[in-house]
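Have a look at the display below, then read on.

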Amino acid sequence: MIYLDNAATSWPKPEAVLEAMTAFMRDIGANPGRSGHRLSVEAGRTVLDAREAVAELLSIRDPMRVVFGLNATDALNLAIRGTLRPGDHVVTGSMEHNSVMRPLRDLEAEGVELTVVQASPEGFMDPVDVSEAMRPGTRLVAMIHASNVVGSLLSIRDIGAIARDAGALFLVDAAQTAGCCPIDVGRDNVDLLAFTGHKGLLGPQGTGGLAFGPDVDVSRVRPLRSGGTGSRSEHEVQPDFLPDRYESGTMNGVGLAGLAAGVRYVLERGVDDIRGHEVGLVRRFIDGVRGIEGIDLYGGGDARRQTATLSINLRGEAPSDVGLALDEDHDILCRVGLHCAPAAHRTIGTFPDGTVRLSFGAFNSRGAVDAALDALRGMVGR
Amino acid sequence: MIRRKPTEPTGVALFHSTSLAIRGERIARKGGLKVKLVPTPRHLSSDCGTALRFRMEDIDALRALFRASSLECDDMIPL
Ligand SMILES: Cc1ncc(COP(=O)(O)O)c(C=O)c1O
């Protein structure tokens, strides 16, 4: 079986992730940050391990600026709903995933003004178009780092500079890039960065969070939940400091144990090494698929300007049929359809049928690329 | 009072939250100091149930380490 659905969730995970999760459940298991006994403190250390690992990966100096939640969607909802009020203006792009688009459409119905900047048919965003969308009342610019449909990378550093010049916060959806592409929150002009634990960070599902850039005043982001934090228990109002302001309720201790191990794996192997590996796979796939008649490849077609996520269609075939054939006849697992990103598919011209998405990861080999190419050749009858 | 074994003079560092206390422990240990996380003594008012116990002779070194890592510590109190 060949797993080419790493953009949905990465698999397999490093062995160290499984070991860390088992060890947490067997040997620690207590509630992080609640009680003062040694197991609770040990659980708290595990959470701090995860925070430090993510902070290091994103070049954030203070690990307390990494706030954990359920996944990228949870973090994006916090960043979007926590900053915008009726009357505010927000700018986003046409490659967004529904985890950004749906909260924004909800808020639009409540009186937030939304501008969706059109990306190119290859999935790229011209920063000039973003700057033209800015207004005096623009509070937030929310932008995907790389498309989950065609992998196109957006120039977040340039877009961030534009957002900040206009006094807006810059939110980046790094669900597809954290762990796969280098990110430096400070240098890339990011104020809020949403990440998910179960893709490029190689951790388990049910982990993710929001990282705060060094200059963001937390009073600009309202918490969406309040409750017990284990700190300031004598007060009935929510603490105002990081990370407790946004971390009510018992943390996913076992999940964060796994996430810490996943991110450590990424740090030890090196993001540049993983990136280089993935660029190689993408280049091989693009070169191969271009030689097959009857297949359309979407996106920019340049491995250096995209992640390891690729979308194709077999001319005249429904993506769902292609996906089923890849699974049943060739043992290749991928994802077909709209990938929770209808706006992106409209942008690249594949709405409403969608595409066949093949997404490579840190553990795929060149052999996996060749197997996919062979399967596709077989399917178009050559 | 519960009778405890005699120890060298110690103090506790107080933080707003357990996350900060645990980070304080890590910074202190990386700096070579002997510290331990303990439940905050009842008579000290603190926001957080966990405090960091240190040897009084290390108090200046500990302060310097926290400052170097921009770790906010609410107070350091001799026991
Ligand atoms: C670009 C993008 N944003 C957000 C998400 C949401 O991530 P999660 O499902 O972990 O919340 C995904 C993946 O599903 C994604 O690809």
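Helix 2 of chain A and helix 1 of chain B are roughly perpendicular to each other, a label used for angles of 65 to 115 degrees. The axes of helix 2 (residues 38-57) of chain A and helix 1 (residues 18-30) of chain B cross at roughly 80 degrees and come within 9 Å. Axes here are lines fitted to C-alpha atoms, for helices over the stretch in contact, with angles running from 0 to 180 degrees between N-to-C directions. Helices (H or I, at least four residues) and strands (E, at least two) are DSSP runs, numbered from the N terminus.

Who does the touching? On the chain A side, helix 2 brings in Val41(A), Gly44(A), Arg45(A), Leu48(A), Asp49(A), Arg51(A) and Glu52(A). Helix 1 of chain B answers with Ser19(B), Ile22(B), Arg23(B), Glu25(B), Arg26(B) and Arg29(B). Contact means heavy atoms within 4.5 Å. Sorted by class, that makes eight charged, three nonpolar and two polar residues; Asp, Glu, Lys and Arg count as charged, Ala, Val, Leu, Ile, Met, Phe, Trp, Tyr, Cys and Pro as nonpolar, and the others, Gly among them, as polar.

A word on ground rules: this is a predicted model, so local features need pLDDT of at least 70 and side-chain atom pairs pLDDT 80 or more, while totals for chains, interfaces and linings use all residues. Residues are numbered from 1 along each chain as its sequence is written, chains are lettered from A and ligands numbered from 1 in the order written, and side-chain values use heavy atoms, without hydrogens or water.

| Side chain | Ligand atom | Distance |
|---|---|---|
| Asp173(A) | nitrogen | 2.6 Å |
| Gln176(A) | oxygen | 2.6 Å |
| Thr196(A) | oxygen | 2.6 Å |

On its own the ligand has 390 Å² of accessible area (Shrake-Rupley, 1.4 Å probe), and the protein covers 88% of that.

Trp11(A) and Pro12(A) are joined by a cis peptide bond, omega about 0 degrees, with Pro12(A) in the loop between strand 1 (2-3) and helix 1 (15-28) of chain A. A cis bond also links Leu242(A) to Pro243(A). Leu202(A), although not a glycine, has a positive phi of about 65 degrees.

Technical notes
Angles under 35 degrees count as roughly parallel, over 145 as roughly antiparallel, 65 to 115 as roughly perpendicular and the rest as oblique. A polar contact is a pair of N or O atoms within 3.5 Å; within protein, one must be able to donate a hydrogen and the other to accept it, and residues adjacent in sequence count only if both atoms are side-chain atoms.
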